[in-house]
Each structure stands twice: as C-alpha cells, then as structure tokens.
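Please look first at the chain as a whole and then at individual helices. The paragraphs below follow that order.

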Amino acid sequence: MEIFLFAVSGIHVIYYAVLVLFTDATWMTQLYWPVGAAVFMLIALILRVDRKRRQKHVRCMPLELRTVICTSCGLYFLLIGVFTVLIFSQGFSSNPEDADYLIFIENGDVETSLTESDYNALSCTIDYMTRHQNTSVVLAGCSRFRDLAVDENEIQDLMKKYLIDHGIQSDRIITEEISNNLRQNIMYSYAYILMDWYGDDSAREAEPTVGIVAEAASVFRYRMIVRNLGDVSRHMEMISFHESVLVWPARIVEEAQLIIKYHLINQFEYTPTGRPGL
C-alpha cells in the first residue's frame with residue numbers, strides 16, 4: 001500500500017506541473033493536485049513508519065486504525081473511478097442536429113476575461129450556428145454570486161462581440177442576466193427562449209428544441225439538473241465539446257467535487273415553487 005501511495009503522490013506532482021506549464025487551468029483546479037500529493041505522501045510515510053515499528057516489535061498503530069486508513073484510501077479511489085465512468089458515459093453522447101436554440105453558460109470562474117474553455121465553447125457554438133442558420137443562442141448569466149466584484153455584463157459583452165466578429169448576427173443572440181447559479185442559468189434561459197419563440201407567433205403548436213453547450217466532462221452534471229426540471233427536460237439536449245486530454249483528469253476531479261457540492265445544497269432538486277436550490 002505504501003509503494004502505491006508513494007506512486008500516486010508522485011503522479012499528482014507530475015500532473016500538477018503539467019497543469020501549470022501547459023494549460024490555463026485555474027488555481028482552484030490546480031490546487032487539488034499538490035494538496036493531494038502531500039496527503040498521499042503523508043499517509044504513505046505514516047504506514048511505512050508503522051510497518052517498520054511493527055517489524056521491530058515496538059509500540060505501533062492499532063491494526064484497526066491501519067485498516068481504516070487503507071480502506072478509506074481504497075474507497076476514495078473507487079469513488080473517483082465511479083465518477084470517471086459516469087462522466088465519460090455521458091460526455092461522448094451524440095449532439096442533436098435540430099436545435100432551435102442554444103444555451104451558452106460561461107464557466108463561472110472569477111475572471112474579467114474569457115478563458116480557453118470559454119473560447120472552445122464559443123467555437124462549438126459558432127460552428128453549430130453556422131451550420132444551422134435558424135438557430136439562436138442565449139448567453140446565460142455567468143453563474144456567479146452577486147457579491148463577487150466581477151462585472152457579468154462585461155463578460156457577456158465579450159462573448160457577444162466574439163460571436164458577432166465570427167459571423168453570427170446580433171439578432172440571433174439573446175442575453176439572460178438575472179440568474180446566479182447553474183440551474184437558474186438553464187431555467188431562466190428557457191424562459192427567454194419561450195418568449196422569443198412565441199413572441200411573433202402565439203399560435204405555434206410545437207415547442208422549441210434546445211441544445212445546451214457544455215464541455216464533455218460537465219455533461220453528466222448538466223443532465224442531472226435538466227432531468228429534474230419536469231417537462232422542460234423533454235426539449236433539451238447537450239451540445240458537447242472536448243478540451244485537451246491534458247485537462248481531463250483535472251476536469252473529472254472538479255466535476256466530482258461539484259456533483260457532491262450540488263447534492264449538499266440541493267442544486268439537483270426541483271419543485272414548481274422553485275425551492276429549494278433555485
């Protein structure tokens with residue numbers, strides 16, 4: 001077990017260096033890896049010292065405690081494995097080819113400029129809208145809490161300008177500025193879509209189809225939210241794009257943390273009154 005944990009710690013250090021040198025992953029995403037390396041190294045050292053003391057027949061860690069530590073490490077790696085399977089099982093699903101609207105949700109990092117992930121998502125949006133000239137896009141609120149000193153409108157203006165500069169007409173772009181969490185991003189954007197869809201033709205019988213632009217690793221989390229939106233979910237699919245393979249492990253860990261967090265704050269739960277989690 002100690003050798004395995006030493007190896008895991010070393011892998012964390014190497015991957016941390018890769019993130020810093022070759023990607024633009026945020027410091028919060030990067031932070032997990034050196035902390036994880038330190039934790040696994042500490043556990044490995046504790047187990048190594050305990051085994052040496054046990055061999056010398058001196059006072060050592062109770063066998064029950066050693067068992068708990070080893071079992072906890074095993075459960076941790078099992079949990080990461082389960083999340084990896086769940087995330088990848090959804091992330092590579094086929095994209096719909098008939099969406100009337102797209103919902104673009106900025107990644108929510110505390111930045112005043114667009115990230116590489118944002119540009120990848122914008123490129124995916126532009127490619128889809130170029131191939132489907134009747135498709136419009138909703139630029140959802142930036143999924144930030146209001147007490148953060150970041151101008152959300154500035155971010156949306158940057159996204160809108162980028163789309164227009166790449167050939168998307170301004171009348172195909174709708175901005176949603178009132179939401180401050182992911183589920184509100186989707187629900188309020190859909191409300192804007194309905195207003196636009198029925199605005200010129202109140203006699204429409206068919207409801208609009210919607211594609212949510214999401215990085216492949218985030219598709220599973222997005223689907224968990226959409227499935228709990230009632231009848232709305234019948235009209236929504238995912239438009240996924242893929243980032244560099246270098247950031248996949250970081251994205252999986254980040255998504256696992258977000259899924260656990262969303263469960264704790266009832267973000268996946270939905271009631272018609274909008275509580276809790278709205």
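In the protein chain, 74% of the contacts with a separation of 6 or more are between residues 24 or more positions apart; a contact means heavy atoms within 4.5 Å. This is a predicted model, in which local features need pLDDT of at least 70 and side-chain atom pairs count only at pLDDT 80 or more, while totals for chains, interfaces and linings use all residues. Residues are numbered from 1 along each chain as its sequence is written, and side-chain values use heavy atoms, with hydrogens and water left out.

The protein chain contains eight helices and five strands. These are DSSP runs numbered from the N terminus: helices are H or I with at least four residues, strands E with at least two. Along the sequence, their pattern is α-α-α-β-α-β-α-β-α-β-α-β-α. Of the 278 residues, 43% count as buried, that is, under 20% relative accessible area (1.4 Å probe, protein chains only).

Helix 3 (residues 63-91) has 29 residues, and its end C-alpha atoms are 42 Å apart, which agrees with the 42 Å it should span at 1.5 Å a residue. The expected span is 1.5 Å times one less than the number of residues. Among the buried residues of helix 3 are Cys 70, Cys 73 and Phe 83.

Helix 6 (residues 182-199) has 18 residues and reaches 26 Å from its first C-alpha to its last, close to the 26 Å expected. Its buried residues include Leu 182, Ile 186, Tyr 190 and Trp 197. The buried residues of helix 6 pack against several elements, including strand 1 (101-104), strand 4 (210-215) and helix 8 (248-264).

Conventions
Buried means under 20% relative accessible area, exposed over 50%, partly exposed in between (1.4 Å probe, protein chains only).
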